[in-house]
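I opened the notebook to look up two things.

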Amino acid sequence: MSPQPAAHFIHDFRQAAPYIQYLRGKTVVLAISSQVLLAERLPTLVQDIQLLASLGMRLVLVHGTRHYLDRMLQQSGSELRYHQGRRITDAAALALVKQACGLVRFDIEAALSATPSQTPDRRNPRLRIASGNFLLAKPLGVLDGVDMQHTGSIRRVDHEAIRQRLNEGDVVLVSPLGQSLSGKSFNLGLDEVAAALALSLQADKLIFLSSEAGVTDAEQRIISELTSAEATELLARGHYSSDMTRMLKTAIHVVENGVRRAHILSGMADGSLLAELFTRHGHGTMLAQAPFMRIRAADHRDIGDIIRLIEPLEAAGVLLPRSREYLEAHIGTFSVLEHDCHVYGCVALKHFADSSSAELACLAVSPDARDSGFGEYLLEYVISQARQQGAHTLFALSTHTGEWFDERGFQAASLDELPPERQQQYRANKRASKIYKLAL
Ligand code: 1C4
């Protein structure tokens with residue numbers, strides 16, 4: 001007897017498939033905190049980064065230096081000086097910033113150059129890493145009478161040069177150091193660089209790999225999804241660390257200015273990057289400007305997704321069979337539930353000659369997304385659609401899901417209450433489905 005394939009693996013791999021497809025060709029900026037690098041997370045993190053690159057994601061990495069620098073300054077007996085949350089970089093600190101950047105860059109480059117040990121053909125070309133003078137900087141100047149010296153801010157990102165490298169399949173590695181037109185170097189903040197890169201490249205995602213697991217609520221539970229408005233409210237309550245506050249502010253800023261998603265997650269936990277990108281529940285916190293879930297009218301591009309949802313249920317006798325031709329002809333009656341760009345559910349609202357009643361039909365939620373309230377959202381959506389169209393009664397016919405409708409206020413109905421054309425279909429298909437109705 002052949003051994004059973006690992007059920008969990010197959011389930012998880014199938015769940016990841018739409019995300020793999022979706023992320024191919026997408027530009028992602030990964031901001032890696034220096035705390036993560038100091039914790040020696042680089043070797044495992046790099047394996048995941050290599051995997052993302054091999055799946056066709058366009059990756060821009062930017063690393064922090066803050067904790068390296070604090071350590072170096074303390075070792076040299078220098079004082080750590082900050083103003084308005086920014087380091088005051090004097091000449092000695094700038095020399096150490098350059099050292100720290102060199103150190104971190106070489107470590108990242110070396111780690112990314114290693115061929116993954118599981119690769120079947122070790123002659124595969126290594127990942128190419130590109131770096132350069134991508135950040136044009138200017139001095140931050142004097143703030144409240146405090147000279148910030150060699151601390152700078154970004155004047156421009158050479159996004160065209162970065163795009164060229166990405167088009168050639170390189171991974172781009174950026175350090176938080178910029179050069180001015182007069183040839184001076186300036187120390188930059190990781191958050192500022194990450195935001196400038198994500199915005200100028202119109203990236204699809206900005207991901208912070210930090211020492212914190214994500215944004216937490218009052219009970220210290222990780223919040224998996226936040227809109228920028230919700231994140232702004234949370235920040236106003238202000239119980240977050242200075243690192244988290246900075247990341248959250250940056251995440252809000254980028255999603256409100258065109259980056260589709262920002263993520264804050266732990267760079268310390270093994271595989272957190274993969275879990276965040278390839279599973280529905282993610283691992284850390286994901287931010288977007290608008291809510292993640294929406295129900296919208298279906299169109300012809302959704303037919304493939306609808307078939308994927310309903311085919312197994314038709315085979316099991318739960319739903320009526322509907323051919324592709326039927327779906328093409330009736331797509332105007334369908335709505336789909338989308339969560340983070342994937343279709344997880346569908347429903348149709350069927351009309352009759354007598355417009356005082358309508359039928360909720362072809363209701364399905366993907367098995368991996370059940371029990372999250374999606375079915376209920378679809379039901380509410382169809383109820384309000386039916387009301388808007390002037391129906392007074394909403395019918396639902398079911399062989400397996402009667403209880404679900406019972407619990408949501410539907411009542412049993414008899415065959416002769418159905419509109420005549422539906423009675424005819426009922427008799428013809430011999431399913432003996434239970435009939436439910438809801439007064440609208
Ligand atoms: N019976 C009772 N409770 C059920 C249930 C069932 N069959 N299935 C799920 N539940 C409960 C869960 O246990 C959970 O309860 P809890 O933990 O909250 O106490 C709750 O419902 C989950 O609610 P939700 O809002 O999170 O719902 P979802 O899981 O997102 O979705 C569906 C609920 C029923 C939509 C989902 O389970 C599903 O897709 N099931 C398979 C398809 C299905 O049964 N669809 C309903 C069809 S009736 C057909 C047609 O083709 O037009 C047939 C017509 C005919 O002539 O026979 C329809 C309407 O499409 N009709």
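**Entry 1: the model.** I noted at the start that this is a predicted model.

**Entry 2: the shell around the ligand.** I asked which residues come nearest to the ligand. I found R322, G373, G375, T401 and S433, out of 29 residues around the ligand. I then sorted the shell by residue class. I got 14 nonpolar residues, seven polar and eight charged.

**Entry 3: polar atoms at the ligand.** I looked up atom pairs next. At C362, a backbone N or O atom sits 2.9 Å from a ligand oxygen atom. At L363, a backbone N or O atom is 2.8 Å from a nitrogen atom of the ligand. R370 uses its side chain: a polar atom there lies 3.5 Å from an oxygen atom of the ligand.

I then checked the cover. On its own, the ligand has 1,100 Å² of accessible area, and the protein covers 77% of that.

I also asked which elements give two or more residues to the shell. My list reads β20 (357-365), α13 (374-388), β21 (393-398) and α14 (402-406). Of these, β20 gives the most, with six residues.

**Entry 4: α8 and α9.** I moved on to helix packing. Helix α8 covers residues 228-237, and helix α9 covers residues 242-255. Their axes come within 10 Å and cross at roughly 150°. The cut-off for roughly antiparallel is over 145 degrees, so I logged α8 as roughly antiparallel to α9. I noted the hand as well: α8 passes α9 in a left-handed crossing.

**Entry 5: α3 and α5.** Next I took helix α3 (residues 42-54) against helix α5 (residues 91-113). The axes are 9 Å apart, and the packing angle is about 55°. I therefore put α3 down as oblique to α5. The crossing of α3 and α5 is right-handed.

**Entry 6: α4 and α5.** I recorded a right-handed crossing where α4 passes α5.

Technical notes:
Residues are numbered from 1 along each chain as its sequence is written. This is a predicted model: local features need pLDDT of at least 70, side-chain atom pairs count only at pLDDT 80 or more; totals for chains, interfaces and linings use all residues. Side-chain values use heavy atoms; hydrogens and water are left out. A residue is near a molecule or strand if one of its heavy atoms lies within 4 Å of it. A polar contact is a pair of N or O atoms within 3.5 Å; within protein, one must be able to donate a hydrogen and the other to accept it, and residues adjacent in sequence count only if both atoms are side-chain atoms. Accessible areas come from the Shrake-Rupley method with a 1.4 Å probe; for residues, only the protein chains shown count as cover. Helices (H or I, at least four residues) and strands (E, at least two) are DSSP runs, numbered from the N terminus. Ala, Val, Leu, Ile, Met, Phe, Trp, Tyr, Cys and Pro count as nonpolar, Asp, Glu, Lys and Arg as charged, and the others, Gly among them, as polar. Axes are lines fitted to C-alpha atoms, for helices over the stretch in contact, and angles run from 0 to 180 degrees between N-to-C directions. Angles under 35 degrees count as roughly parallel, over 145 as roughly antiparallel, 65 to 115 as roughly perpendicular and the rest as oblique. A crossing is left-handed if the near helix is turned anticlockwise from the far one by less than a right angle, and right-handed if clockwise.
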